[in-house]
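Please read this report alongside the sequence and the model.

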Amino acid sequence: MRYGVVGTGYWGKNHVRVAKELLDDGELDEVVLCDTDESRAASLAETYDLPYETDIDSLDVDAATVATPSTTHRTVGLSMLERGIDLLVEKPLALTSEDAWDIVEAADANDCTLGVGHIFRYHPALVALKRRIDRGELGRIKYLQTRRFSFRVPRSTTGVLYSLAVHDVDIYDYLLGRRPDTVHGQLDSFVRENIVETATITLEYGNTSGVINSSWQVPVFDKKRDLVVVGSNRSAYVDYLQNTKLELFDAEVFSDPDDGLKSRNDGAISHSTDEREPLKVEVESFVEASRAGEQPRADGTVGARAVETLEHAEESARKKSVVRLDRKSAVTQF
């Protein structure tokens, strides 16, 4: 397979490294880099001993990663899909749901495999948690909470909603196997006009609540990326900065015939999962799907639905009210 990496900037350079590893492992036959910034492309190409192009129209490959700025995903994606090239597009798939669904439709029309970089669907600890939830080990899921905090100057192109919270709206859908019924968003832009630096999103899935907290304005932590899932029988904690660790808390509140409501907390047990880099697993999954003519775990529909949820959060923030998804959309299974 001839493989391209389009966009070699902040995150694209990680895709270059992974593609080179797959090339060295014999899983790819050729890797070509592409970036309109020739000096950046040339530098990485020299580092990894790979060829490069500066024009996507000159890129002759079977499949590719698109790690260009989010504002370019529609243009770059449609151009390559129309040439029959399978694509793994970094998240968000696009900055509007209309553009996202246009990319999905182009992939379908050209019989292409389309993956989206929702990398946490390949995070070892999260995958292990998903299996336990599906087996009923946590009981009924009551509550989810995510924190993604750091302290930095907000980006000039996209805010935390499409840079950070996009992960979590998809993670909740993935863990619960469905879309939310309602969305409420509070979005703050104090530093850069129209660039969201802090987002608080509440999602309701029937009787389950999920709260997403994302901010670039929290100096309290060096960097915080974690998830709490509270079930009726057990609860779970995942620190996303530790790929292999899943903590389960054996605790519940139950009704005693004699004493009324009582609580039980038998402490936490840490479980170790496979030591695998999520990005490499994601790219390997996409390459396998491309070869088989199938769709990967995080396909184009997953990416477009995540963008739809973010738009509902924006609508909620504008209206200062809860936004309800139509029933057909909410019950769609993942």
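The model is predicted: local features need pLDDT of at least 70, side-chain atom pairs count only at pLDDT 80 or more, and totals for chains, interfaces and linings use all residues. Residues are numbered from 1 along each chain as its sequence is written, and side-chain values use heavy atoms, with hydrogens and water left out.

**Annotated spans**

The UniProt record, an unreviewed entry, lists "domain: Gfo/Idh/MocA-like oxidoreductase N-terminal" at residues 1-118. UniProt positions follow the numbering used here, feature names are shortened, and annotations may be inferred rather than shown by experiment. The table gives the content of the two spans; helices (H or I, at least four residues) and strands (E, at least two) are DSSP runs, numbered from the N terminus.

| Span | Helix | Strand | Distance between end C-alpha atoms |
|---|---|---|---|
| Residues 1-118 | 39% helix | 19% strand | 23 Å |
| Residues 128-235 | 22% helix | 39% strand | 14 Å |

**The parallel sheet**

An open sheet of 6 strands has the order β3-β2-β1-β4-β5-β6, with parallel pairing. Its edge strands, β3 (52-53) and β6 (114-116), each pair on one side only. Two strands count as paired if DSSP finds at least two bridges between them. Strand β1 (residues 2-6) is joined in the parallel sense to strand β2 (residues 30-34) by 5 bridges, and Y3 stands opposite V31 in β2.

Helix α7 lies across β1, β4 (63-66), β5 (86-89) and β6, and runs at about 160° to β5. Contact here means heavy atoms within 4.5 Å. Axes are lines fitted to C-alpha atoms, for helices over the stretch in contact, and angles run from 0 to 180 degrees between N-to-C directions.

α7 (residues 278-292) also packs against helix α1 (residues 12-24), at an angle of about 65° and with the axes 10 Å apart. On the α1 side the residues are N14, H15, R17, V18, E21 and L22, and they meet L279, K280, E282, V283 and E284 in α7. By class, the residues of this contact of α1 with α7 are 4 nonpolar, 2 polar and 5 charged. In this count Ala, Val, Leu, Ile, Met, Phe, Trp, Tyr, Cys and Pro are nonpolar, Asp, Glu, Lys and Arg are charged, and the others, Gly among them, are polar.

**The mixed sheet**

A further open sheet has 9 strands in the order β14-β13-β12-β11-β7-β10-β9-β8-β15, and its pairing is mixed. β14 (260-272) and β15 (323-324) stand at the edges with a single partner strand each, so one side of each is left without a neighbour in the sheet.

Which strands pair with β11? Strand β7 (residues 141-149) pairs with β11 in the antiparallel sense over 8 bridges. In β11, G231 is the bridge partner of I141, and R225 is the bridge partner of R148. Strand β12 (residues 234-239) runs antiparallel to β11 and is joined to it by 5 bridges. A hairpin of 2 residues connects β11 to β12, and V230 stands opposite S235 in β12.

Helix α6 (residues 160-176) lies across β7, β8 (182-188), β9 (198-205), β10 (208-215) and β11, at about 160° to β10. Helix α5 is largely enclosed by the rest of the structure, because 9 of its 11 residues are buried. Among them are L126, V127, L129 and I133, and K130 and R132 are also buried. Just after α5, G136 takes a positive phi of about 85°.

**G303**

G303 lies in helix α8 (residues 300-319). Is G303 buried or exposed? G303 is buried, with a relative accessible area of 1%. Not counting residues up to four places away in sequence, G303 touches L93, V116 and H118. G303 and V166 are 137 residues apart in sequence, and their C-alpha atoms are 9.1 Å apart in space.

Key
Buried < 20%, exposed > 50% of the residue type's maximum accessible area, 1.4 Å probe, protein only.
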